[in-house]
Amino acid sequence: MDRELAAPEGATVAETGPPRRRAAFRPDIEGLRGIAVLSVLAFHSAVPGLTGGYVGVDVFFVISGFLITGLLTNRPLGLWDFAARRARRILPAAATVLVATAVAGGALLDPLRGTDLARDLIAAAGQFANWRFVGRQTDYLAAEQAPSPLQHFWSLGVENQFYLLWGVLLLGLARYLHGRRRTLAITLTTLGIGGVSLVLCLRWTQTSAPLAYFSTGSRLWEFAAGACAALLGGALATRTGRAPVRWSLRLTGWLGLAAVAAPVLLYDRDTPFPGTAALLPVLGTAAVLLAGHGPLRAGDAGRLLATRPLRAAGRLSYAWYLWHWPVLTIAQARYGALPWTTLLALTAAAALPAWLTLRLVEQPLRYGSSPAPRRGLAVGASALVIPLIAALTLGGGTVRALGGAADAPGAAPAGAADGPGLLAPGTRVLALTPSLARARQDFPPGKGCEIPLNADSSPRCLFGAEDSPDRIVLLGDSHAGQWISAALALAEQRHWALEVLVKPGCPLATLTVRNNVLGRTFDECDRWRENTLTRLTSGPTPRLVLMAGLNRYGSQEERTEGWTRTLDRLTALGAPLAYLGDTPMPGKDIPTCLAASDGRSDACFFPRETAFEPDPLLDGGLAARYGVRTLDLGPLLCPGAGPSCPAVLEGVVLYRDTGHITDTLARVLAPRLDKGLLGVAGEPAVTGGSAVPTAPGRSAAPGGSAVPGASGGAGAPAAHP
């Protein structure tokens, strides 16, 4: 987000030492920055029609590459001098926003979000926020969490990492090479790094959209494009007075401006990005920068960019960009989803603290103090330490608000094997379990069994009596993986092994889906399903194949057809099949909601009508047709017939995020799975389906009974909760 390196008009710059060649002020660059920031702000405010405004960040990256390369090739800077300039330019304003966000987050956010914010503050202050968000967004489960108020600091992290790399490279080359050899070395280095980065960008956009979007390696080519424009512009500087060159640059400028504007209007959230889609705004920005060499004339694109409104937005762009996102995210965390008109008004209001930051922090520290490197480095160090102190203070406060740090997993309360109650008779829970401090981390064992999104085969993942020839196979997506502890209890009681074959976001039903984390069709899911079904035919016949999964993929008809194709394959194994109906879907982060409600067990109810979807096995008769034993826990977790489902039952927190149950609940439900799926004798029914009690909003399966205690096909005990 670097601003033009030449001093703005009217600024006074203290100079010491020998005079240095100063780059001419470029008002068109200031205006181009204005277009970039207005595009980003409009996108974040959800303004209709500007769905591709996120490309404004790419425009900033190209401008930074252009300006930094011009600075490093035109002025005899030392590395410490360069670092001090960057520190004074970038860090004080960022520190101001970080501290303000910490204060606002501590006052307005619930303790769990405050804990997340404290970690994000550390990453943002340390200039590695982009890598933190790579980790969060590539984690299928963490990606469901609400956006961080500091998520926009990823771009600042990328920029500062680029500055470090570019400063060392170019200043190192300048120290040992001179003249044409130095220019050639810089050009080849720029082209080499840019080429490798572009290849990584194209590859990662196909395999991991978050890695492609947030990582430095996949963004360096955008800075390199700006660097190439600076190097080429230097070669053209003496030729801009010639008419053919002048007219060519004018055409280049207008075409570049059109290439910047078009994606803002044509791209949206479904556009695979950055990838090839980023070429248009990046090359367009480089073209505009190249065309601006020499004086601006009537008819040049630069004259449009140099208009006062765009330049005013450009001067404010860095601080405005820093301030607007915390304002939007904290407001929505506090008050829920807001209409775009309100978001736009809040974004406009963020211009006030941005202007104050510009006048009281940015400009005084940048232009009004000694340019000595040690002064700039001291300012930068302070700007790093102060936010870290704020982060530690916020983190300590949220831990106290949650009643202490996350506790280690303890014994789950005893669960009932049947009946309408969740817990066994005589069992009481005196405090929420798991605690709110731990609820988000209440994962099942063997989380590594849930393979990465880009993997198409599962590793050997066995629990219990691993050497036993008898095994239960748990099969499905992350909604199957949430049952590991319960399935392991079944296996351990019989000295069997438990084999876990799960892939997040991948339906066991044979249908192709799109994955939003990857940003494309989930081809790896199709390959994983085929590999897994083939793998099951090569080993000994399992004692039980336990299927589960999210019941939200595709339409109802697509799910029915997909399950039919999968069950055709699974029944050929000759193994008993069982199916766990999907758990209710809250659609909101339950631990966060409970933390915001001071842990009240009667808070955070969610609508029954959105908690369930028609299930082909439970409601469509597929279970009876294929002899699958089923267990529907929906009526237990969402009891009664009211309009809402609870988030807490009998003191047990049911969900660890927006849709997965806590591992504590899975262990509580283990006796119910044992009786409902394996029966008293410990042997699953091989044929016929069980009677499935009807969850409110569902119709009874054809031929099934909705009467508690009714027996299922082949003498199977009822699957009533």
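Modeller: Let us begin with how the elements get their names. Helices and strands are DSSP runs, numbered from the N terminus; a helix needs at least four residues and a strand at least two. Keep in mind that this is a predicted model.

Colleague: Where is the place of P274 in that numbering?

Modeller: P274 sits in the loop between α10 and α11. The general idea that makes this spot worth a look is that most peptide bonds are trans. Here the bond from F273 to P274 is cis, and its omega is near 10°.

Colleague: Which residues does the other cis peptide bond, with omega about -5°, join?

Modeller: That one joins T433 and P434. You will find P434 in the loop between α16 and α17.

Colleague: Let us turn to phi. Which residue has a positive phi of about 60° although it is not a glycine?

Modeller: First the general idea: most residues other than glycine have a negative phi. A46 has a positive phi of about 60° and is not a glycine. It belongs to the loop between α1 (27-44) and α2 (56-74). With a relative accessible area of 45%, A46 is partly exposed. H495 is another such case, a residue other than glycine with phi near 60°. H495 is in the loop between α19 (484-493) and β3 (497-502), and because its relative accessible area is 63%, it is exposed.

Colleague: Next, salt bridges. How many does a search of the whole structure find?

Modeller: The general idea is that side chains of opposite charge can pair when their charged atoms come close. The search of the whole structure finds 28 salt bridges. One of them joins the side chains of R440 and D589, with 3.3 Å from N to O. This pair links distant parts of the chain, 149 residues apart: R440 is in the loop between α17 (436-439) and β1 (462-464), and D589 is in the loop between β7 (577-580) and α22 (590-596).

Colleague: Are these two side chains buried or exposed?

Modeller: R440 is at 9%, so it counts as buried. D589 is at 14%, so it counts as buried too. The pair also belongs to a network of salt bridges that links D116, R119, R440 and D589.

Colleague: What does D470 form with R543?

Modeller: A salt bridge, in which the closest N and O atoms are 3.4 Å apart. D470 is in the loop between β1 and β2 (471-476), and R543 is in the loop between α20 (523-536) and β6 (544-548), so the bridge ties together parts that are 73 residues apart in sequence. D470, at 25% relative accessibility, counts as partly exposed, and R543 counts as partly exposed at 24%.

Colleague: Which residue does R569 form a salt bridge with?

Modeller: R569 pairs with E530, and 3.1 Å separates the closest N and O atoms.

Colleague: Now the surface. Which residues make the nonpolar surface patch of about 470 Å²?

Modeller: The patch is made by I122, F128, W131, L388 and L392. L392 belongs to helix α16 (residues 373-401), and it counts as exposed because its relative accessibility is 61%.

Colleague: And inside, how many cavities of 30 Å³ or more does a search of the whole structure find?

Modeller: It finds five. The largest cavity holds about 160 Å³ of space. It is lined by 17 residues, and L249, R250, A291, G292 and D300 are the closest to its centre. Helix α10 gives the largest share of this lining, four residues. By type, the lining has six nonpolar, six polar and five charged residues.

Colleague: What volume has the second largest cavity?

Modeller: About 120 Å³. Its lining has 13 residues, with P507, G549, L550, Y553 and W563 nearest its centre. Nine of the lining residues are nonpolar, two polar and two charged.

Terms used: Residues are numbered from 1 along each chain as its sequence is written. This is a predicted model: local features need pLDDT of at least 70, side-chain atom pairs count only at pLDDT 80 or more; totals for chains, interfaces and linings use all residues. Side-chain values use heavy atoms; hydrogens and water are left out. A salt bridge is a side-chain nitrogen of Lys or Arg within 4 Å of a carboxyl oxygen of Asp or Glu. Buried means under 20% relative accessible area, exposed over 50%, partly exposed in between (1.4 Å probe, protein chains only). Patches are made of residues with over 30% relative accessible area and no salt bridge: like charges are joined within 9 Å, nonpolar side chains (Val, Leu, Ile, Met, Phe, Trp, Tyr) within 5 Å. Accessible areas come from the Shrake-Rupley method with a 1.4 Å probe; for residues, only the protein chains shown count as cover. On a 1 Å grid over the protein atoms alone, a cavity is a set of points where a 1.4 Å probe fits but cannot get out, and a pocket is an open set with protein on both sides within 12 Å along at least five of seven lines; lining residues have an atom within 4 Å of a point. Grid points are joined across faces, edges and corners, and a volume is the space filled by probe spheres set on the points. Ala, Val, Leu, Ile, Met, Phe, Trp, Tyr, Cys and Pro count as nonpolar, Asp, Glu, Lys and Arg as charged, and the others, Gly among them, as polar.
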